[in-house]
Amino acid sequence: MGVFKLLKPDEFLESVDKIDIGKFILNGKDVFIFDFDNTLGLWRSSKIEERFRYVIDEINSKRGKILIASNGRPRKISLDGAHIIWRSRKPLTFKIKKFLLDNQIPVNRVVMIGDQIFTDILAGNLLGVYTVKVEPLSRHEFFFTRILRFFERIVLKIIRK
């Protein structure tokens, strides 16, 4: 069960707009790491889905920090105050860990939100942060990701039991 523990998120949600930012802030979690493709925006898009803007605004209004850690290639995204790590190589954690260390952010303040267990959730669990798995926004995605989705469905059935 050890491997499955690394793949199991702390929380399952339908989408980013279901995240209770206020609850996290009250519990001392004020740093939010988001995947981008199929989490905040469509695959290869440069635009955050409009329905998620208020979540971003709420984090900013409560003086939280936002980091986007994407395995995708660099794009220009309009998101004031956010830090972005393109080609983050998740589930490897060294780029995210460097950001946290450089900004003196302890892991107990961090929430990782993403749509894939083999990249986002695994990276978050390896870092020791709170993890939230959301459903992907679209079925349109990188070829290799589609292969991983097959295995993800199997693992999710086991994890949810």
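Residues are termed buried when their relative accessible area is under 20%, exposed when it is over 50%, and partly exposed in between, with a 1.4 Å probe and protein chains only. The structure is a predicted model, in which local features need pLDDT of at least 70 and side-chain atom pairs count only at pLDDT 80 or more, whereas totals for chains, interfaces and linings use all residues. Residues are numbered from 1 along each chain as its sequence is written, and side-chain values use heavy atoms, with hydrogens and water left out.

The chain contains six helices and six strands, taken as DSSP runs (H or I of at least four residues for helices, E of at least two for strands) and numbered from the N terminus. Along the sequence these elements follow the pattern α-β-α-β-α-β-β-α-β-α-β-α. Of the 161 residues, 50% count as buried. Among contacts (heavy atoms within 4.5 Å) with a separation of 6 or more, 61% involve residues 24 or more positions apart.

Strand pairing was assigned where DSSP finds at least two bridges between two strands. Strand S2 (31-34) pairs with S3 in the parallel sense over four bridges, and Phe34 stands opposite Ile68 in S3. Strand S3 in turn runs parallel to S4, to which it is joined by three bridges; here Ile68 stands opposite Ile84 in S4. Four of the five residues of S3 are buried, so this strand is largely enclosed by the rest of the structure. S2, H3 and S3 form a right-handed β-α-β unit. A crossover is called right-handed if, with the strands pointing away from the viewer, the path from the first strand over the helix to the second runs clockwise.

Strand S6 (residues 130-134) is likewise largely enclosed by the rest of the structure, because four of its five residues are buried. Strand S1 (residues 11-13) pairs with S6 in the parallel sense over three bridges, with Leu13 opposite Val134. Strand S5 (residues 110-114) also runs parallel to S6 and is joined to it by four bridges, with Ile113 opposite Val132. S5, helix H5 (residues 117-127) and S6 make a right-handed β-α-β unit.

Nonpolar cores were defined as sets of buried Ala, Val, Leu, Ile, Met, Phe, Trp, Tyr and Cys residues joined through side-chain atoms within 4.5 Å. The largest comprises 24 residues, and those with the most contacts inside it are Val16, Ile19, Phe32, Phe34, Leu40, Leu79 and Ile113. Two or more residues of this core are given by each of H2, S2, helix H3 (53-61), strand S3 (65-69), S5 and S6. Helix H3 provides the largest share, three residues. Apart from this core lies another, of 14 residues, among them Ala69, Phe99, Met112 and Val129. With residues up to four places away in sequence left out, Ile113 touches Val16, Ile19, Phe32, Ile33, Phe34, Asp35, Thr39, Val132 and Val134.

In helix H4 (residues 94-102), Ile96, Phe99 and Leu100 are buried. These residues cover an arc of only 95° around the axis, which puts them on the same side of H4; the arc is that of the directions from the helix axis to the C-beta atoms. Lys98, Leu101 and Asp102, on the other side of H4, are exposed. The buried residues of H4 pack against S2, S3, strand S4 (83-85), S5 and H5.

A polar contact of 2.8 Å joins the side chains of Asp30 and Arg109. Such a contact is a pair of N or O atoms within 3.5 Å; within protein, one must be able to donate a hydrogen and the other to accept it, and residues adjacent in sequence count only if both atoms are side-chain atoms. Asp30 is located in the loop between helix H2 (21-26) and S2.

Several backbone features were also noted. Most residues other than glycine have a negative phi, and most peptide bonds are trans. Asn38, in the loop between S2 and H3, has a positive phi of about 70° and, at 1% relative accessibility, counts as buried. Arg87 takes a positive phi of about 50° in the loop between S4 and H4; at 46% relative accessibility, Arg87 counts as partly exposed. Pro91 lies in the loop between S4 and H4, and the peptide bond joining Lys90 and Pro91 is cis, with omega about 20°. Just after H4, Gln104 has a positive phi of about 50°.
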